[in-house]
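Subject: Structure handover, helix packing

Hello,

Here is the structure we discussed. Please look it over before reading the notes below it.

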Amino acid sequence: MVAKTYSKRPKHLNLLKIKQPFPAVISIIHRITGVLLFFPGIPILLCILQDFLGSQESFDHLQENLRNPLIVLILLLPLWFFFHHVCAGIRHLALDQHMGVELQQARTSAYLVFIMGIMLTALTGWLLW
Amino acid sequence: MVKQSKLAVTGAHYGLKDWLVQRITAILMVLYLALMIVVILATGPYQDYVAWKNLFHQQWVRFATLIFFIGLFWHAWIGLRNVLMDYVHATAVRLMLQILAIVSLLFYTVWTADILWNTGN
């Protein structure tokens, strides 16, 4: 009986067939958002900073764009990348200090990171609106 | 009998340094953002261009912002290097991407300094 159950186990690791635990999902999103914040995140941020501090005209142009609901809506995505990355990063710092390393705590903090990322994005979107 | 090696089991240590730098730069960036939010809330409201320009024309804001960005670029380099080492196994391709990342980050550093010191004058 035991041998039969054993034989049904998958023989290879197929990432698309494995149900990832939630902390693993949070972790891989942290990595993906990190890469996206590097590119195109950094050059976009510098372009915005340049317009923001550049001149009265570029500042007005930027403000005008921020009044466009569609642009704010699109901005929510990189904002979520940023907030998720920060929240997941803070969770990592806590784990480094051996805080919340128990399975249940680690799962709870992973959910917390996910919720906080979305809430901070929503809050910023609301402030920009 | 297995003889114990007299060599200590350690790595080259650059992994530890990167690990530490990534965390120090992360904390620095969060502190900068928190500081700027407090400053803006305390001395605001900043509604027009002139108010923002005056804020960023203060020397300490320029320095703090430049340090934030250098921290960001260093942090990004460590993270990207780790990702490239994990997923890009062809040495030539990885090396090219790493060179591209280094050159762009150096360019971003100069660009940031230029934005902070030379724009809006």
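This is a predicted model: local features need pLDDT of at least 70, side-chain atom pairs count only at pLDDT 80 or more; totals for chains, interfaces and linings use all residues.

Residues are numbered from 1 along each chain as its sequence is written, with chains lettered from A and ligands numbered from 1 in the order in which they are written.

Between chains: helix α2 (residues 22–54) of chain A packs with helix α4 (residues 91–118) of chain B at about 15°, the axes being 10 Å apart. Helices are DSSP runs of H or I, at least four residues, numbered from the N terminus. Axes are lines fitted to C-alpha atoms over the stretch in contact, and angles run from 0 to 180 degrees between N-to-C directions. α2(A) and α4(B) are therefore roughly parallel (under 35 degrees; 65 to 115 would be roughly perpendicular, over 145 roughly antiparallel, and the rest oblique). On the α2(A) side the contact has A:Ile42, A:Leu46, A:Leu49, A:Gln50 and A:Leu53, and on the α4(B) side B:Tyr108, B:Trp111, B:Thr112 and B:Ile115 (contact: C-beta atoms, placed from the backbone, within 7 Å).

Within chain A: the axes of α2(A) and helix α5 (residues 103–128) come within 8 Å and cross at roughly 45°, so α2(A) and α5(A) are oblique to each other. A:Phe22, A:Pro23 and A:Ile26 of α2(A) meet residues of α5(A) including A:Ala106, A:Arg107 and A:Phe114.

Regards

Terms used:
Helices (H or I, at least four residues) and strands (E, at least two) are DSSP runs, numbered from the N terminus. Two residues are in contact if their C-beta atoms, placed from the backbone, lie within 7 Å.
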